[in-house]
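Colleague: I'm new to this. Could you walk me through the thing and tell me what your words mean?

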Amino acid sequence: MSTAVTSDDAQAAAPLRVENLSAFYGQRCAVAGVTMAFRANAVTALMGPSGCGKTTILRCLNRIHEIAPGAYAVGQVLLDGEDVYDSNISVIELRRRVGMVFQRPNPFPTLSIAGNVVAGLNRQMSRSQKLEVAEKALRGAALWDEVKDKLQQPATALSGGQQQRLCIARALAVEPEVLLMDEPTSSLDPISTLSIEELMSALSDRFALVVVTHNMQQAARISDYSAFMLADEQGVGRLVEMDETAKIFTKPSDRRTEDYITGRFG
Amino acid sequence: MTAAEGVPSRDRVGVRHALSFAGTFATAACASIGAIALLLILGYVALQGIRAFNWAFLTQLPVPVGEPGGGVANGIVGTIVTVGLAVVIATPLGLLSGLFLALFGRGWFPEAVRFLSDVVSGIPSIAIGLFAYTLLVAPFRHFSAISASFAFALLMLPLILRTSEEAVRSVPRAIREGALALGLSEFASTMRIVLPAARPAIITGLLLAIARVTGETAPLLFTAFGSQFWELNPTQPMAQLPLQVFTYAISPYQSWHQQAWAGALLLILAVLVLNVMARLVLSPKGRR
């Protein structure tokens with residue numbers, strides 16, 4: 001029943017693509033037959049009601065899905081044409097190229113602010129190199145001015161919004177090609193949300209940004225492309241359609257997308 | 001539906017208040033009895049022990065009956081050596097096993113390890129002592145501090161194992177996922193992120209395990225055996241503070257009774273200090 005609608009030009013400029021991907025938790029199929037493309041220098045929003053599998057898809061993209069006991073995925077995730085599930089790319093290399101920001105800020109509790117930012121860097125780097133990278137990453141995450149005088153303080157002393165930007169900085173420090181964000185603002189207040197959203201549009205100049213959100217207004221505000229997902233009668237998540245955000249929100253091809261966007265359910 | 005339905009009448013409210021008061025009183029009374037008993041023991045030991053508790057008691061060797069003075073310095077050192085060796089044996093084993101259970105704790109093997117560890121922690125310490133005797137004393141035909149350390153290590157192992165497992169488990173999954181998502185290997189994320197976050201709880205478990213064995217007496221009877229002399233060689237019989245308390249307490253001499261009380265006080269103080277340290281490590285400031 002799912003027909004993935006992806007325009008051809010999107011395929012061409014997409015460094016990250018998903019082909020016929022299904023993801024399982026043990027016996028349970030969470031999403032099935034999803035095909036998507038994520039373009040460089042653009043924000044792609046994955047939206048849909050709770051349980052539609054949008055987060056599961058996101059977690060397959062950096063293979064963090066499979067660390068849950070019994071979880072696995074079938075199908076292809078192509079990073080620059082190479083299947084990350086079946087190739088020479090190690091999981092570690094994949095995760096360095098495809099960074100992730102989680103739903104709740106998860107700074108490493110025993111590390112300082114600076115220590116958090118450089119946690120993913122090669123340990124062989126000199127201290128001054130690391131500090132240089134940390135400053136760049138913190139500036140990239142629009143956090144530098146707030147923390148530059150307290151880099152050695154514990155990261156847990158920051159506010160929730162600052163912690164989330166710290167987690168973004170931590171992901172930026174390893175210079176990924178793609179940045180995945182799993183409802184990055186859902187645990188934040190409106191002002192912190194605004195700063196993260198501004199950050200996302202700034203970051204989209206450099207990366208392919210994939211953002212899961214259940215907030216349609218947010219998807220409309222921040223994304224260039226949108227995918228709408230929905231669970232079928234068996235609770236299996238399916239892609240309904242994927243297109244430019246402007247088109248999804250004005251002329252969706254699928255009736256269910258229109259119903260969701262106009263607030264008839266979800 | 002009448003207005004009274006679901007709304008208790010005035011006297012029923014009174015009954016509920018009375019019951020509530022009685023319940024609160026009963027639980028508080030029981031808690032007080034426990035606390036008072038504990039305070040009485042502590043107070044009595046302190047009162048009795050303080051009389052013989054002086055610098056000589058802490059720094060001198062035991063003297064024969066009839067001579068005044070003398071102390072338990074060799075017992076203090078012996079206990080520190082014996083417990084210290086037990087910590088060295090039990091900590092790496094317990095920590096690594098706990099880590100294994102926390103990270104790969106599914107399936108029959110980890111379940112079996114957990115079960116056996118619970119069984120061992122329930123074995124009376126005298127039986128553990130007997131086991132150490134059979135293994136490390138009888139074949140060599142003489143008592144030794146190391147055999148006592150072995151018995152202590154067996155007593156500590158289940159405690160360290162389960163507290164380390166719990167400590168590592170209590171690190172939020174999101175923290176570990178965050179580390180893995182940065183491209184850290186399982187090993188690096190465990191060593192650099194997860195274990196440091198679990199460290200306060202692990203240290204607390206270790207301190208409590210030390211406190212648990214510091215006052216153990218039964219396994220010492222036929223392992224370390226005790227000694228009247230300075231002895232630092234762990235392959236030899238060694239003086240032990242709890243053993244000295246035991247020997248002095250069952251002796252017929254008044255001066256030895258006093259020293260037994262002082263020894264008991266010292267043991268309680270040591271355990272108290274360990275427990276306070278365990279609390280401090282876990283406090284928010286220690287956690288940082």
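Modeller: In the largest nonpolar core, which has 140 residues, A169(A), A173(A), L209(A), V210(A) and M156(B) touch the most other members. This is a predicted model, where local features need pLDDT of at least 70 and side-chain atom pairs count only at pLDDT 80 or more, while totals for chains, interfaces and linings use all residues. Residues are numbered from 1 along each chain as its sequence is written, and chains are lettered from A and ligands numbered from 1 in the order in which they are written.

Colleague: What makes something a nonpolar core?

Modeller: It's a set of buried Ala, Val, Leu, Ile, Met, Phe, Trp, Tyr and Cys residues joined through C-beta atoms within 7 Å. Buried means 20 or more other C-beta atoms within 10 Å of a residue's own, with C-beta atoms placed from the backbone. M156(B) is a member, so it's a Met that passes that test.

Colleague: Which helix gives the most to this core?

Modeller: Helix α6 of chain B, residues 145–169, with 16 residues. A helix here is a DSSP run of H or I, at least four residues, numbered from the N terminus.

Colleague: What is M156(B) in contact with, leaving aside neighbours within four places in sequence?

Modeller: A86(B), A90(B), G94(B), A209(B), R212(B) and V213(B). Contact means that the C-beta atoms, placed from the backbone, lie within 7 Å. There's also a second, separate core of 15 residues, including F53(B) and I76(B).

Colleague: How many residues of chain A are in contact with chain B?

Modeller: 19, against 15 residues of chain B. Three of chain A's come from α3(A), the largest share.

Colleague: Which residues of helix α7 of chain B are buried?

Modeller: I175(B), R176(B), G178(B), A179(B), L180(B) and A181(B). Their cover includes α3 and β6 of chain A and α8 of chain B.

Key
Buried ≥ 20, exposed ≤ 12 C-beta atoms within 10 Å, placed from the backbone. Helix = DSSP H or I, 4+ residues; strand = E, 2+ residues; numbered from the N terminus. Contact = placed C-beta atoms within 7 Å.
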